[in-house]
Amino acid sequence: MKTLFSFLTITLLTLNFSFSQSLHKDDILGDWLTQEKDGKITIFKQGEKYFGKIIWGKNGDTKDVKNPQESLRGKDLIGLVILKDFDFTGKAWENGSIYDPKSGKTYSSNMKLKNPNQLDIRGFVGFSLLGRTTVWTRAK
């Protein structure tokens, strides 16, 4: 039993290591479902920066009513860019920001692919340790 457990642990570590070694900067591009599966975001590239906008929401065309800027509260959520200015650093996409339309708040953010179909997005204020991670899955 110990041998089987050791074998499985080594196999999982090897798979995770080999995935991180083959990471390419544009692997993040495409459509992603939010953790709650209530929204779909498309991640795209402009120049060398990465962005993401809402392309579908479970509740249809709702407005950005929580936006701190009163003049933007009538704007549709569909088409809204919520991920901005991410740089690929070789292992992750960092130094960007994420806007949460549910709260109207914007956070510093980093993103990391755990595997080709799982994206971990960490939003934080100040230090990355003081934040929360959400997991998105690649839309099929």
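Select strand 7 (118-124) and strand 8 (131-138). The two pair in the antiparallel sense over seven bridges. Strands here are DSSP runs of E, at least two residues long, numbered from the N terminus; two of them pair if DSSP finds at least two bridges between them. Within this pairing, pick R122, which stands opposite T133 in strand 8.

A note on the model before moving on. It is predicted: local features need pLDDT of at least 70, side-chain atom pairs count only at pLDDT 80 or more, and totals for chains, interfaces and linings use all residues. Residues are numbered from 1 along each chain as its sequence is written, and side-chain values use heavy atoms, with hydrogens and water left out.

Eight strands close into a barrel in the order 1-2-3-4-5-6-7-8, with antiparallel pairing. From one strand to the next, the twist averages 35°.

Next, the largest pocket. Centre on T34, E36, D100, P101 and K102, which lie nearest its centre among 34 lining residues. Its volume is about 740 Å³. A pocket is an open set of points on a 1 Å grid over the protein atoms alone, where a 1.4 Å probe fits, with protein on both sides within 12 Å along at least five of seven lines; lining residues have an atom within 4 Å of a point. The volume is the space filled by probe spheres set on the points. Strand 7 gives the most to this lining, with four residues. By class, the lining has 15 nonpolar, nine polar and ten charged residues.

Move to the second largest pocket, with a volume of about 230 Å³. Select N67, L80, V81, K84 and Y99, the closest to its centre of 14 lining residues. Strand 4 (81-88) and strand 5 each supply at least two residues of the lining.

Last stop: the aromatic rings. The whole structure holds three aromatic pairs. Rings of Phe, Tyr and Trp (its six-membered ring) pair if their centres lie within 6.5 Å; planes under 30 degrees apart count as stacked, over 60 as edge-to-face and the rest as tilted. Select F44 and F51: their ring centres are 5.8 Å apart and their planes at 20°, so the pair is stacked. F51 counts as buried at 11% relative accessibility, while F44 is partly exposed at 23%. Buried means under 20% relative accessible area, exposed over 50%, partly exposed in between (1.4 Å probe, protein chains only).

Then select F88 and W93, a tilted pair at 4.9 Å centre to centre and 45° between the planes. W93 is buried at 0%.

Terms used:
Nonpolar A, V, L, I, M, F, W, Y, C, P; charged D, E, K, R; others polar. Axes fitted to C-alpha atoms, helices over the stretch in contact; angles between N-to-C directions.
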